[in-house]
Amino acid sequence: MTFYQKEINRIKGICYSNDRQIQTVIGMRNYIENNFDKELNLDLLSHIRFTSKFHLLRLFKKYYGQTPRQYLIDKRITKSKIYLRMGMSVSETCYSVGFESPSSFSTLFKKKTGKTPTDFQKEQFSQSQSKVDS
Amino acid sequence: MKIKVLSIPVQDQEKALKFYTETLGFIKKVDVPLSEENRWLTVVNKEEQDGAEILLEPSPKHFEPAKTYQKALFDAGIPYTQFNVENVQQEYDRLNNLGVEFSVNPTEMGTVKIAVFNDTCGNKIQIVEML
């Protein structure tokens, strides 16, 4: 057994021995993955998991290193890039990924990617156009 | 500052290019001849060609401490770096069929699943799937 394999087993024993907690946070992540376009409903989640929403928040952060809200925002931004590349309008993209206001979507998108959704989309089209031309 | 290039030390650039493109599925992006047979050689993900590039750099050939460090990591089974995949088991099956050697078979570690393979250029590489 290599040093690394021994370390994997050791760390598993220390950090990942609580299977119930792990199943809870994995379930939460799957829920966010499948429902990113809806408002994050921690009350519903905590109801399903028979636990308080503050406990759920803490668990998620402990295992994924991000709060569910941060994770959800990243997911929405990743998804919105796909929609913008497909040619969806900025406001349509905004609502399709679950944001409520196009202006706050644009601000957040710029903060996360360095470009506004409109500039991002323009850039994508000019890139694909130059591929066609070359 | 932006993250544009990450380097992986390789013992043989040509062999590495073949493995990283033909076996792993990356595509060649930049190939600039430098001194002697050395190249500035980078590969990228097919779907994210404007994303970060991997520089396949020949440091173990030219700098003894790099060679020593690479060998020590390899012998301990420690991955030099890691790549994210959608499904570790599927990627394991695909690479296994191509004859890639694994030192860690698909293993669940809490909220991730990992596996570690030999890149044939002196490194162990880890693949990760978020569960």
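Predicted model: local features only at pLDDT ≥ 70, side-chain atom pairs only at ≥ 80, totals over all residues.
A:Arg20 is exposed, since 7 other C-beta atoms lie within 10 Å of its own, and this residue belongs to helix α2 of chain A. Chain A has eight helices and zero strands, whereas chain B comes to four helices and eight strands. The points below take up each chain and then the contacts between them.

**Chain A: overall form**

- From the N terminus on, the order of elements in chain A is α-α-α-α-α-α-α-α, and the radius of gyration of this chain is 19 Å, well over the 14 Å that the globule rule gives for 134 residues, so chain A is more spread out than a compact globule.
- Taken along the principal axes, the box filled by the C-alpha atoms of chain A is roughly 55 × 45 × 20 Å.
- Of the 134 residues in chain A, buried residues make up 16%.

**Chain A: two domains**

- Chain A is divided into domain 1, covering residues 3–65, and domain 2, covering residues 74–133, and the centres of these two domains, taken over C-alpha atoms, are separated by 29 Å.
- Where the two domains of chain A touch, five residues of domain 1 are in contact with six residues of domain 2; by class, the side contributed by domain 1 has two nonpolar, no polar and three charged residues.
- A:Arg20 and A:Ile77 are 57 residues apart along the chain, and their C-alpha atoms are separated by 30 Å.

**Chain B: overall form and confidence**

- Read from the N terminus on, the elements of chain B run β-α-β-β-β-α-α-β-α-β-β-β, and the radius of gyration of chain B is 15 Å, close to the 14 Å that the globule rule gives for 131 residues, so this chain is as compact as a globular protein of that length.
- The C-alpha atoms of chain B fill a box of roughly 45 × 35 × 35 Å along the principal axes, and 24% of the 131 residues of this chain count as buried.
- Residues 24 or more positions apart account for 50% of those contacts in chain B that have a separation of 6 or more.
- The mean pLDDT of chain B is 95, with 100% of its residues reaching 70 or more; within this chain, confidence is lowest in helix α2 (residues 59–62), at a mean of 89, and highest in α4(B), at 98.

**Chain B: helix α4 and its surroundings**

- Helix α4 of chain B, which spans residues 88–97, has B:Val88, B:Glu91 and B:Tyr92 as its buried residues, and, seen down the axis of α4(B), these fall within an arc of 105°, so they line one face of the helix.
- An α-helix has 3.6 residues a turn, so residues three or four places apart point the same way.
- The buried residues of α4(B) pack against three strands of chain B, namely β6 (102–109), β7 (112–118) and β8 (124–130), while the face of α4(B) turned away from the buried side carries the exposed residues B:Gln90, B:Asp93 and B:Asn97.
- After α4(B) comes B:Gly99, whose phi is positive, near 90°.
- B:Asn105 is found in strand β6 of chain B, and this residue counts as partly exposed because it has 13 C-beta neighbours inside 10 Å.
- Although B:Asn105 and B:Phe63 belong to one chain, in which they are 42 residues apart, their C-alpha atoms are separated by 32 Å.

**Contacts between chain A and chain B**

- Between the chains, 13 residues of chain A are in contact with 10 residues of chain B.
- On the side of chain A that touches chain B, α1 (3–15), α2 (19–34) and α4 (53–64) of chain A each supply at least two residues, and the largest share, six residues, comes from α1(A).
- By class, this side of chain A has 10 nonpolar, two polar and one charged residues.

Conventions
Residues numbered from 1 in each chain as written. Chains lettered and ligands numbered in written order. Contact = placed C-beta atoms within 7 Å. Nonpolar A, V, L, I, M, F, W, Y, C, P; charged D, E, K, R; others polar. Domains from an automatic or database assignment. Rg over C-alpha atoms; globule rule 2.2 N^0.38 Å. Buried ≥ 20, exposed ≤ 12 C-beta atoms within 10 Å, placed from the backbone. Arc of directions from axis to C-beta. pLDDT = per-residue confidence, 0-100.
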